[in-house]
Amino acid sequence: MRRFLLIRGLQSLVVLTIMSFVIYSLIGLMPGDPIDLMISANPNMTAADAAALRELYGLDLPVYERYWNWLTTALSGDLGYSRLFGQPVLDVLIPALKNSVVLMGTAFVLAVCIAIPIGTFAASKPRSALDYGVNLFAFAGISIPSFWLALMLIIVFGVFLGWLPAGGIAADGASLLEQAKYMVLPVATIATLSIGSYSRYTRSSMLEVLRQDYIRTARAKGASRSRVVWKHALRNAMIPVVTILALDFGYLFSGALVTETIYSWPGMGKLIFDSVMGNDFNLALVALLFATALTLTGNLLADICYAFLDPRIVIGGEKT
Amino acid sequence: MNNNSPLFLAIRRFRRHKLAIFSACVLVTMVLLVIIAPLFEIWLGVGANDVDLYSRMVGPSLAHPLGTDELGRDVLLRLLYGGRVSLFTGLTAACFAATIGTVIGLFAGYFGGRLDAVLMRLTDSVIALPLLPLLIVLAAIDLNKIGLPQAIVESEDVSFYRIVLIVAITGWTTVARLVRGATLSIKEREFVMAAEGVGATHVHIMFRHILPNLLSPIIVAVTLSIGGVILLESVLSFFGLGIQPPMASWGNMLTNAQQLIWEAPMLAVYPGLLIFVTVISFNFLGDGLQDAFDPKAEY
């Protein structure tokens with residue numbers, strides 16, 4: 001197990017390093033560079049000045065040298081300044097991270113609490129009306145464009161009914177109820193999408209388990225149907241589901257880009273979008289790398305969960 | 001006709017899926033409608049991109065069956081032409097991604113060993129990336145800076161090619177895994193050994209003997225991925241990073257809808273509804289095909 005973790009950890013680190021270079025190069029390919037922005041801010045600047053500045057900041061170097069300069073500075077703890085916010089990158093990143101965790105965490109808990117019971121109910125009565133209903137809802141959840149769902153919720157609850165704010169976040173020090181009001185629509189949007197996929201996974205995993213011999217044995221020994229489903233089968237059916245949930249764990253921190261942007265929720269997703277769109281190179285780079293690192297961690301976590309939950313799986317190839 | 005041929009059995013199983021059949025009908029209708037979109041232009045006497053600032057956001061009428069948008073363009077025509085773009089992008093990008101995935105999967109599964117290890121680590125890594133943020137970066141890069149000629153960068157279709165490419169370089173992983181897995185088992189079969197025995201080359205065996213056996217799972221996977229691709233295109237276009245106006249796509253028709261919620265709420269409803277119906281139809285169809293071709297996966 002330890003060996004497996006070590007190898008997987010190293011693998012993730014390699015992927016992260018490669019991605020840091022890829023992202024660095026891609027960001028360099030976005031329109032404009034910091035000197036262009038200076039030129040547009042200062043009409044007195046000549047082409048010769050611009051060239052001198054490019055040389056001063058090392059922007060005329062080939063991309064791998066620039067990357068190396070950035071990497072060594074970043075690893076020494078200096079992540080640079082955000083151009084959009086006029087603050088050190090970390091000072092911008094940490095509040096956004098907090099907001100994303102609050103939003104995504106609530107949506108995640110809600111989705112799990114709804115999806116697992118309905119998925120289990122659907123599987124325990126296959127081909128019933130309930131099963132078809134759950135299936136239809138699940139398909140709708142994976143097929144609806146998230147930005148459109150968000151727009152429709154804003155139109156209905158924010159504009160026509162006027163019950164909830166159409167976007168933004170409560171001011172600092174607002175009451176809990178006030179804060180919750182701003183969260184209802186974004187949480188509903190994210191949860192609807194996740195409930196779709198989680199309930200589908202739960203349902204199919206449950207059906208698989210209910211076909212096993214030990215389920216028939218439990219029934220034959222006189223355990224009631226609901227006891228078999230909820231006590232015997234659910235634990236086993238959860239193994240693949242928990243893996244899927246762990247995979248999504250990384251997204252808790254990287255935020256929901258679309259939903260956060262539409263509802264102007266100041267989380268990681270919106271931060272990434274704004275920094276990419278606003279040519280905020282330092283911020284975009286760090287935020288994207290952060291999101292990548294967290295997603296990779298989520299993947300690692302999924303593997304570990306899988307191994308812990310299912311003793312039949314021996315990881316590391318010692319035994320098959 | 002032989003009543004026990006695999007195809008016949010598959011068709012019979014597929015016919016049990018009423019929802020999948022209904023979805024197929026919806027999709028066929030939609031494809032036909034967007035193909036005959038120019039006829040609607042003739043019928044209504046205006047073009048899809050014709051701006052008429054004197055009749056902005058008017059309600060449904062005989063001249064404009066679904067009304068007009070904020071520039072006085074006919075909404076029905078824009079939906080039809082947008083559908084052309086969205087459906088075509090979805091199909092092309094999904095097929096392109098599947099082609100890349102198939103080739104990678106075939107090579108990994110057939111040759112095995114170190115090549116397999118490298119390709120599968122690559123696949124795992126791509127799967128483990130936060131896709132949407134990276135796609136936004138890819139969609140935002142300046143094509144001049146990667147040295148494309150000016151003529152291409154400024155041409156009208158460049159946003160279409162860009163999106164197909166972006167989807168393809170990220171969307172091939174599912175098919176690659178699927179094809180690799182199936183190739184591993186098929187390459188042990190007798191007919192492959194027979195082909196090797198008569199001296200067939202590796203490429204010949206891979207593409208003439210193994211690939212045809214993989215067609216049905218690939219078709220299922222492509223069908224199931226089209227929905228996701230259409231969603232991706234719509235969200236990128238919605239943010240102004242995908243298909244560029246004046247060319248309509250269902251995604252970019254929604255870009256301004258948020259600001260116009262008060263004046264014209266229906267402008268926000270139609271395109272999204274069409275995306276939703278199309279995507280869910282592709283998903284139902286794919287689900288039905290999966291059951292038809294792979295009875296073992298039956299639930």
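Trainee: What share of the 299 residues in chain B is buried?

Mentor: The model is a predicted one, in which local features need pLDDT of at least 70 and side-chain atom pairs count only at pLDDT 80 or more, while totals for chains, interfaces and linings use all residues. Residues are numbered from 1 along each chain as its sequence is written, chains are lettered from A and ligands numbered from 1 in the order in which they are written, and side-chain values use heavy atoms, with hydrogens and water left out. Buried means under 20% relative accessible area, exposed over 50%, and partly exposed in between, with a 1.4 Å probe and protein chains only. For chain B, the buried share of the 299 residues is 50%.

Trainee: How many helices does chain B have?

Mentor: The C-alpha atoms of chain B fill a box of roughly 75 × 55 × 30 Å along the principal axes. Helices (H or I, at least four residues) and strands (E, at least two) are DSSP runs, numbered from the N terminus. Chain B has zero strands, and its helices number twelve.

Trainee: Which element gives the most residues to the nonpolar patch of chain B?

Mentor: The patch covers about 730 Å² and includes V28(B), L32(B), I35(B), L39(B) and I42(B). Patches are made of residues with over 30% relative accessible area and no salt bridge, like charges being joined within 9 Å and nonpolar side chains (Val, Leu, Ile, Met, Phe, Trp, Tyr) within 5 Å; accessible areas come from the Shrake-Rupley method with a 1.4 Å probe, and for residues only the protein chains shown count as cover. Two or more residues come from each of α2 (18-35) and α3 (37-44) of chain B. With five residues, the one that gives the most is α2(B).

Trainee: Is S23(B) buried or exposed?

Mentor: S23(B) is placed in helix α2 of chain B, the helix that also holds I35(B). I35(B) is exposed because its relative accessible area is 52%. S23(B) has contacts (heavy atoms within 4.5 Å) with S281(B), F284(B) and L285(B), leaving aside neighbours within four places in sequence. Its relative accessible area is 3%, so S23(B) is buried.

Trainee: At what angle do α12 of chain A and α6 of chain B pack?

Mentor: Two packed helices are described by the angle between their axes and the distance between the axes. Axes are lines fitted to C-alpha atoms, for helices over the stretch in contact, and angles run from 0 to 180 degrees between N-to-C directions. I272(A), F273(A), V276(A) and M277(A) of α12(A) meet P133(B), I136(B), V137(B) and A140(B) of α6(B). The axes of α12 (residues 268-277) of chain A and α6 (residues 131-140) of chain B are 10 Å apart, and the angle is about 10 degrees.

Trainee: Is α12(A) roughly parallel or roughly antiparallel to α6(B)?

Mentor: Angles under 35 degrees count as roughly parallel, over 145 as roughly antiparallel, 65 to 115 as roughly perpendicular and the rest as oblique. The angle here is about 10 degrees, so α12(A) is to α6(B) roughly parallel.

Trainee: What share of the 320 residues in chain A is buried?

Mentor: Chain A contains 13 helices and two strands. Its C-alpha atoms fill a box of roughly 85 × 60 × 35 Å along the principal axes. Of its 320 residues, the buried share is 46%.

Trainee: How far apart in sequence are the parts that R203(A) and D131(A) tie together?

Mentor: A salt bridge is a side-chain nitrogen of Lys or Arg within 4 Å of a carboxyl oxygen of Asp or Glu. R203(A) forms one with D131(A), with the closest N and O atoms 2.6 Å apart. R203(A) lies in helix α8 (residues 176-210) of chain A and D131(A) in helix α6 (residues 129-143) of chain A, so the pair ties together parts whose separation in sequence is 72 residues.

Trainee: Why are R216(A) and D213(A) separated by about one helical turn?

Mentor: These two form a salt bridge, with the closest N and O atoms 3.9 Å apart. R216(A) counts as exposed at 58% relative accessibility, and D213(A) counts as exposed at 53%. The separation is about one helical turn because, in helix α9 (residues 213-220) of chain A, they are apart by three residues.
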